[in-house]
Amino acid sequence: MKKKYSIFSLARNALSGHKDWPKMWRSPEPREFYDVIIIGGGGHGLGTAYYLAKEHGLKNIAVIEKGWLGGGNTGRNTTIIRSNYLWDDSAHLYEHSLKLWENLSSELNYNVMFSQRGVMNLAHNEHDIKEIKRRVSANNLNGIDSFWLSKEEIQKKVPIMNTDNLRYPVLGASYQPRGGVARHDAIAWGFAMRADEMGVDIIQNCEAHQIRTKNGITEGVETSKGFLRANKIGVVASGHTGVLAESAGIRLPLQSKPLQALVSEPIKPIIDTVVMSSAVHAYVSQSDKGELVIGAGTDSYNSFTQRGGFNIIEDTIRAMVELYPVFGKMKMLRQWGGIVDICPDASPIISKCDIEGLFFNCGWGTGGFKATPGSANVFAHTIAKNEPHQINSAFNLDRFASGRLVDEHGAAAVAH
Amino acid sequence: MLIINCPYCGPRDQSEFSNGGEAHVKRPDGSKEIGDREWGEYVFIRANPKGLFYERWVHTHGCRKWFNCVRDTSTDEILMTYKLDEKKPNLNNFKSVVKTPSGEPEVGSGNFTVEK
């Protein structure tokens, strides 16, 4: 049954004490065979299942997830959404995603709380200015809304920012008004619910142990709930994708590192846009609950501990306090780390591989949340058609042999 | 934050060190014969295991010497550090605490604070 949400259903359920809301998705036992198994029940994986069912007519699909839905990097990021990337390939991919975000709440009939409050990327030195202005021009040529803000315009938008009295003064910024933030859980839950309605089996607490192949053809996946046969497998397991690829004998150019974020105690509205600075390494937005959501950096070493080093937080807080002295006495409530898989060119891999029926969607590094619907959409196309969508054709595995990299280190929010 | 045992200076705070990625990576032989793919693998692909990992560190703000290390990436526990000219230790000498390739250590991911 299609679950509809409206002001009336909200009122009706409020009167009955919110006890009668229907379950958003089933929890089926896995079947023996699936046409497609998606490994990883985050936004990208659930979205892939949704688009496979909706746009490609596949019905026999499972999403398997080691923990709970959206408990990995989908729930461990700072939810910033933008498409102001330098190169054409990335700009098209992230803009595709941003356009899907703009219509997602109504498409899913589920509020993903996409708030287009604008995203600012600060420049702190001459080189930043040149680089950011170049990026603004590249964005405009690709039809992406992006413009240069002077220091005075920044001061007007974010009056609490200390632009002058700091070691790396703020000299200007790029601004993308259509950028913003969204609700991290909602994107996972919305996709899960609508995929489930189309018959997708969502299987939680089911850890993938090994991808089995025979003579270069995908056979299935060994899981904690037994062996599941499949014609095709899509691996979307972020930090753990490399580990799973290894189990099928495939080496991916990925390095897994903890990326940290933290939130403050809730306060009244004080910052109504997203401000990022990759030079001093601090970015911040304010959640609807009033917490400041602060993004920190990655550790310098490979690790799977969802924690991260304390020195990384110190660095970020130092920059935050210098940029926003008014936050100096605030308390931080929570801190966490997510394991991100970083590619040598800071661009993702959405690709098939040498093994027939095995597909990878990984390498999103420090900026995958914004791409969730776009990535899922083109990955579903790649799996269904056995060939990439025009938008993700550049993001193949072959680029690490041909050298045609999509070098986006400059546009990544986090310098890594 | 890690305490890293520099083979030359002894245990020091992680902030004195820089990480150098996977250790014991060998440049491929026959550079004229091998193809783009092999070169690509040498340039771009590094091991990324969850569990026991050979890696390099350099004591940047200390003796400035490079050395190797065996660390468990699932817990960040450093199991051994050794000089560059010392033999690569056998990983069977160490116990991996992760039972499945992508499983979590018993004490919980990122919470390896219990004294053994």
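These legends accompany several close-up views of a predicted model.

In this predicted model, local features need pLDDT of at least 70 and side-chain atom pairs count only at pLDDT 80 or more, while totals for chains, interfaces and linings use all residues. Residues are numbered from 1 along each chain as its sequence is written, and chains are lettered from A and ligands numbered from 1 in the order in which they are written.

**View 1. Where chain B meets chain A.** Here, 30 residues from chain A and 27 residues from chain B take part in the contact; two residues are in contact if their C-beta atoms, placed from the backbone, lie within 7 Å. On the chain B side, the elements giving two or more residues are β3 (18-22), α1 (36-44) and β4 (52-58). Helices (H or I, at least four residues) and strands (E, at least two) are DSSP runs, numbered from the N terminus. The largest share of this side, five residues, belongs to α1(B). By type, the chain B side has 14 polar, seven charged and six nonpolar residues. In this count, Ala, Val, Leu, Ile, Met, Phe, Trp, Tyr, Cys and Pro are nonpolar, Asp, Glu, Lys and Arg are charged, and the others, Gly among them, are polar.

**View 2. The largest nonpolar core.** A nonpolar core is a set of buried Ala, Val, Leu, Ile, Met, Phe, Trp, Tyr and Cys residues joined through C-beta atoms within 7 Å. A residue is buried if 20 or more other C-beta atoms lie within 10 Å of its own, exposed if 12 or fewer, and partly exposed in between, with C-beta atoms placed from the backbone. The largest core holds 117 residues, and those touching the most other members are Ile37(A), Ile39(A), Ala49(A), Met120(A) and Ala192(A). Helix α6 (residues 184-197) of chain A provides the largest share of this core, eight residues. Beyond four places in sequence, the contacts of Ala192(A) are Met24(A), Trp25(A), Leu46(A), Leu69(A) and Ile202(A).

**View 3. Leu104(A) in its helix.** Look for Leu104(A) in helix α3 (residues 88-108) of chain A. Leu104(A) counts as buried because it has 22 C-beta neighbours inside 10 Å. Leaving aside neighbours within four places in sequence, Leu104(A) is in contact with Val112(A), Phe114(A) and Pro373(A).

**View 4. Met330(A) in a loop.** Met330(A) sits in the loop between α8 (310-323) and β16 (332-342) of chain A. Met330(A) counts as partly exposed because it has 16 C-beta neighbours inside 10 Å. Apart from neighbours within four places in sequence, Met330(A) is in contact with Ser264(A) and Glu265(A).
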